[in-house]
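User: I am new to this structure. Please take me through some of the labels used for it and what they rest on.

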Amino acid sequence: HGTEQSQSDALFLRHTYLSTLAKLMAFIQYSGGHLPNQKQIRPAITGELFKSRGIQNFIEEDFFTWISRPAADGVDQRLAEIILARLGDYNLQSIKEDVLKELYQNLVTQEERHNLGEYYTPDWLVEEIVQEELGEDVTSSVLDPTCGSGTFLFRTIHYKRENSGLEGENLLNHIEENVVGIDVHPLALIIARVNYILALGDLLRDARTGEFSVPVY
């Protein structure tokens, strides 16, 4: 809202941390569970690595890539090493819910989220709405114009994967063309795109034959 309440160094650093965590999670998911090596960390954070592999617009220049600029003196490497030391203990191939939303709500206080105009829908309610809206026609298009962390997109993709009857590249193309999100918050945009990749999982890695653009804007 442009008020001093929503502008603080501490909040910006927490946003940077969560942005970096989300990008590294996306890399691990897309690589089939492999952690990035030292040379892959920086291009994973800036998005160059994903673009080189045919995933367009996943990470564009954003507020949170400052840690990879020369003036930051290797902050990205040091932060990534700390995060990866913990992520190595988890299986990111079997994520069935929006875990990044929970992390965000733990990192950003309720008062700060209120000042930023943020409210995140509980998972149980998201699941009920998706089932109700797509129950009659699983192939319906879904647009979330205030998608936040992408919980509705994440659940919709899983629902379509489980119930649409489509497979492989046909399923991937259907999702890319029919599951779309929009948000004004730069961090929410990154997290929603990461959740989109996490929901696609092996489908994106194995079924894609050309370039893929994450339809979250």
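User: What makes Glu127, Glu128, Glu132 and Glu133 a patch of negative charge?

Analyst: These four glutamates gather on the surface. A patch takes residues with over 30% relative accessible area and no salt bridge, like charges being joined within 9 Å. Asp and Glu count as negative, and the place of a Glu charge is taken as CD. This is a predicted model, where local features need pLDDT of at least 70 and side-chain atom pairs count only at pLDDT 80 or more. Residues are numbered from 1 along each chain, and side-chain values use heavy atoms, without hydrogens and water.

User: Why is glutamate 132 called exposed?

Analyst: Exposed means over 50% relative accessible area, buried under 20%, and partly exposed in between (1.4 Å probe, protein chains only). Glutamate 132 has 63%, so the residue counts as exposed.

User: How do you know that arginine 42 and aspartate 76 form a salt bridge?

Analyst: The term requires a side-chain nitrogen of Lys or Arg within 4 Å of a carboxyl oxygen of Asp or Glu. Here the closest N and O atoms are 2.6 Å apart. Arginine 42 lies in helix 2 and aspartate 76 in helix 4, so the pair ties together parts 34 residues apart in sequence. Helices are DSSP runs (H or I) of at least four residues, numbered from the N terminus.

User: Why is aspartate 76 called buried?

Analyst: Its relative accessibility is 0%, so aspartate 76 counts as buried. Arginine 42, at 34%, is partly exposed.

Conventions: Patch = residues over 30% accessible without salt bridge, like charges linked within 9 Å, V, L, I, M, F, W, Y side chains within 5 Å. Areas by Shrake-Rupley, 256 points an atom, 1.4 Å probe, with all protein chains shown as cover. Helix = DSSP H or I, 4+ residues; strand = E, 2+ residues; numbered from the N terminus.
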